[in-house]
Amino acid sequence: MSNVVVLKVSCDGQVKRWLSPTQRGELCYDVVLEGISELFPHLKDYTAKYLDEEGDACTLCPTSFQDFLSLSLETRTSDAKSKPLVLKLDIVENASATLPLPAENNTPAAEIKRVQVGRVLSWHE
């Protein structure tokens with residue numbers, strides 16, 4: 001069984017591979033973040049996602065790292081066990097939450113009305 005780990009990361013239509021300097025038994029969350037930073041150094045604020053056994057995109061974080069690693073090991077075919085472990089992630093850049101500066105408002109506070117907008121949700125079967 002190979003102890004080599006390859007991180008395969010896709011972001012903005014690009015797929016890049018990174019060979020981890022650590023072996024599988026020593027792999028940790030911080031090493032994966034290091035790999036992402038080396039592959040896409042321009043990313044500052046992002047979310048890393050991996051697919052679970054049901055095909056759902058799960059967010060990679062310190063508490064989900066073991067799940068990510070376990071799923072990657074489980075989904076390997078028997079003939080791939082002698083090859084490097086490939087960990088796949090999709091990166092989504094988080095939108096910068098820059099709010100526009102408030103415009104100057106000369107309206108007296110007594111004239112400002114607060115409007116509450118309601119949202120109705122309905123379920124259709």
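Reader: Is Pro21 buried or exposed?
Author: This is a predicted model. Pro21 sits in the loop between E2 and helix H1 (29-39). The cut-off for exposed is over 50% relative accessible area. Pro21 has 62%, so it counts as exposed.

Reader: How far apart are the C-alpha atoms of Pro21 and Val4?
Author: Pro21 belongs to the loop between E2 and H1. Along the chain, Pro21 and Val4 are 17 residues apart.

Reader: Which pattern does the chain follow along the sequence?
Author: The chain holds two helices and five strands. Read along the sequence, they give the pattern β-β-α-β-β-α-β.

Reader: What share of contacts between residues at least 6 apart joins residues at least 24 apart?
Author: A contact here means heavy atoms within 4.5 Å. Take the contacts between residues at least 6 apart in sequence. Of these, the share joining residues at least 24 apart is 51%.

Reader: Which residues does Tyr29 touch beyond four places in sequence?
Author: Tyr29 is part of helix H1. Leaving out residues up to four places away, Tyr29 touches Leu60, Cys61, Pro62 and Phe65.

Reader: Is Asp12 buried or exposed?
Author: Asp12 lies in the loop between E1 and strand E2 (14-19). Exposed needs over 50% relative accessible area. Asp12 has 62%, so the class is exposed.

Reader: What is the phi of Asp12?
Author: Most residues other than glycine have a negative phi. Asp12 is not glycine, yet its phi is positive. The value is near 50°.

Reader: Why does Ser64 count as buried?
Author: Ser64 is placed in the loop between strand E4 (57-59) and H2. Buried means under 20% relative accessible area. Ser64 falls in that class because its relative accessible area is 12%.

Reader: Which residue has its backbone oxygen 2.9 Å from a polar atom of the Ser64 side chain?
Author: Beyond its neighbours within four places in sequence, Ser64 is in contact with Tyr50 and Thr59. The backbone oxygen at 2.9 Å from the Ser64 side chain belongs to Thr59.

Reader: How much space lies in the largest pocket, and which residues are closest to its centre?
Author: The largest pocket has about 430 Å³ of space. Its lining counts 22 residues. Closest to the centre are Ser72, Thr75, Val86, Leu87 and Lys88.

Reader: Which element gives the largest share of that lining?
Author: Elements giving two or more residues to the lining of the largest pocket are strand E1 (5-11), strand E3 (46-51), helix H2 (65-74) and strand E5 (85-93). The largest share is six residues, and they come from E5.

Reader: How many residues of the lining are nonpolar, polar and charged?
Author: The lining of the largest pocket includes four polar residues. Charged residues number seven. The nonpolar count is 11.

Reader: What is the relative accessibility of Ser72?
Author: Ser72 is in helix H2. Leaving aside residues up to four places away in sequence, Ser72 touches Leu85, Val86 and Leu87. Ser72 counts as buried, with a relative accessibility of 11%.

Conventions:
Residues are numbered from 1 along each chain as its sequence is written. This is a predicted model: local features need pLDDT of at least 70, side-chain atom pairs count only at pLDDT 80 or more; totals for chains, interfaces and linings use all residues. Side-chain values use heavy atoms; hydrogens and water are left out. Helices (H or I, at least four residues) and strands (E, at least two) are DSSP runs, numbered from the N terminus. On a 1 Å grid over the protein atoms alone, a cavity is a set of points where a 1.4 Å probe fits but cannot get out, and a pocket is an open set with protein on both sides within 12 Å along at least five of seven lines; lining residues have an atom within 4 Å of a point. Grid points are joined across faces, edges and corners, and a volume is the space filled by probe spheres set on the points. Ala, Val, Leu, Ile, Met, Phe, Trp, Tyr, Cys and Pro count as nonpolar, Asp, Glu, Lys and Arg as charged, and the others, Gly among them, as polar. Buried means under 20% relative accessible area, exposed over 50%, partly exposed in between (1.4 Å probe, protein chains only). A polar contact is a pair of N or O atoms within 3.5 Å; within protein, one must be able to donate a hydrogen and the other to accept it, and residues adjacent in sequence count only if both atoms are side-chain atoms.
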